[in-house]
Amino acid sequence: MQRKAYVPGVAALLAALLAGCTGSSDDDGATDNANPGTVGTASAAAEPGRYRTLPEPCGAAGRSTLDSLLPGIRQLTDEDQREKAYAGEATHTFDTDRKVGCRWKVESRDATDHLLVDFERVVSYDTTVSDDSEAQELFAKLEDVADLPEPASSSATSDVSSGDESGASTGSPSPTATPTGSASAPSSPSSPSSAASSSASSSSSASSSPTSSSTVPPIDLQPRLLDDLGDEAFLDDALSSSGSTAQQRTVTVAFRTSNVIVTIAYEEQSATLGVAPDSKEMQDNARKLAAQLDDSLTG
C-alpha cells in the first residue's frame, strides 16, 4: 500500500518529460519564428550602387579646364597666388564617403568667376530599395526644384547678336547653392530642401531683370534636360541683377551616374556695368567639365 502512494508522482514526472520531448521535436522544422509569415524564406536584398567611394573634388578639374572656366587665374602674376587659385577650397562635410565638394573664386579684369563642384553618393537604408533607385528619386526632386521651363520659341530672336543672346535667360537657378562667397553660399553643399528656397529666391531676382524679360534665348541655350551625360541630366541658366546694373549669370549642370549625383554651379559677374556674361560660353564650359567628370566616374 505504501508503494502505490509513489505511483502518481512518477506518472507526473514521466508526463512532464514526454511533454518536453514533444515540444523539442516541434522546433526541428525550418520555421523562423522571428519572421512570421515567411516560413523557410528570406527577402532578397536590393543591389548596392556601383560606387562605394567618391573622387577627390579639388582634383576633379584639370588646370586647362580651370583656365577656361576661371580666366583670371592666368592673369595672376604671383606664383603662390596662382597655385592657391588652382587648388580651390574643399567644402565642409561631415562624411567624405557620402558627400564632397570644392569651390574656386577668381577675379579678373573682366569678371569675377565662381565654380562649385559637388559629388554626392546616395545610399539606401531600405534593404528592399537599391542605391540607384534612391539616387533616382533624389535626382527627380532636384529636377523639380530647378523648375525647368517648357522650351519657348526663339524665332523672334534668331537673328540677334551673341551679346544679346547672352543677356537673356528664363531659367531658375541651380538646386544647389551658388558659390558666391560667404554671403550666399553655405560652407557645405546644400540639401534638396535648402536648395529649393535658394532657387526660389534667385528665380525672383532673375525674373526682375529687365534684360531677361525682354529677350527669349535660342532653344539650344534655354534651361533643359540633357541626354548626353550619365543616366540623366539637366542644365539650368539664370541671369540676375546684383544692385541696379551688375549682371550675374549662374549656369548649373547636374547629372546622375548610378548612385552618384554630380552638380556643377558656374557663376560669373561681369565687371562692366550693363554687360551680361555670355550664356553660350558659360554653358559650353560647364558642359565640358561635366563630360570630363562623367568620363572619370564611368571610365
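Reader: Which residues is S124 in contact with, once its neighbours within four places in sequence are left aside?

Author: They are V129, S130, D131 and E134, where contact means heavy atoms within 4.5 Å. This is a predicted model: local features need pLDDT of at least 70, side-chain atom pairs count only at pLDDT 80 or more, and totals for chains, interfaces and linings use all residues. Residues are numbered from 1 along each chain as its sequence is written, and side-chain values use heavy atoms, with hydrogens and water left out.

Reader: Why does S124 count as buried?

Author: Buried means under 20% relative accessible area, exposed means over 50%, and partly exposed is in between, with a 1.4 Å probe and protein chains only. S124 has 13% relative accessibility, so S124 counts as buried. S124 sits in the loop between β3 (111-121) and α4 (131-146); these labels are DSSP runs numbered from the N terminus, helices being H or I of at least four residues and strands E of at least two.

Reader: What makes C58 and C102 a disulfide?

Author: The definition asks for a pair of cysteine sulfur atoms within 2.5 Å. The sulfurs of C58 and C102 are 2.1 Å apart, so the pair qualifies. A search of the whole structure finds one disulfide. C58 lies in the loop between α1 (7-26) and α2 (63-69) and C102 in strand β2 (residues 99-107), so the link ties together parts that are 44 residues apart in sequence. Both C58 and C102 are buried.

Reader: How do you know that the span of helix α8 agrees with its number of residues?

Author: The expected span is 1.5 Å times one less than the number of residues. For the 20 residues of α8 (residues 279-298) this gives 28 Å, and the end C-alpha atoms are 28 Å apart, so the two agree.

Reader: Which part supplies the largest share of the largest nonpolar core?

Author: A nonpolar core is a set of buried Ala, Val, Leu, Ile, Met, Phe, Trp, Tyr and Cys residues joined through side-chain atoms within 4.5 Å. The largest one has 34 residues, and L289 and L293 are among those with the most contacts inside it. The largest share, six residues, comes from α8. Another core, of nine residues, lies apart from it and includes V122 and A135.

Reader: What makes D147 and S258 worth a remark about phi?

Author: Most residues other than glycine have a negative phi. D147 has a positive phi of about 55 degrees although it is not a glycine, and for S258 phi is also positive, at about 55 degrees. D147 lies in the loop between α4 and α5 (162-166), and S258 in the loop between β6 and β7.

Reader: Is D147 buried or exposed, and is S258 buried or exposed?

Author: The relative accessible area of D147 is 55%, so D147 is exposed. S258 has 7% relative accessibility and therefore counts as buried.
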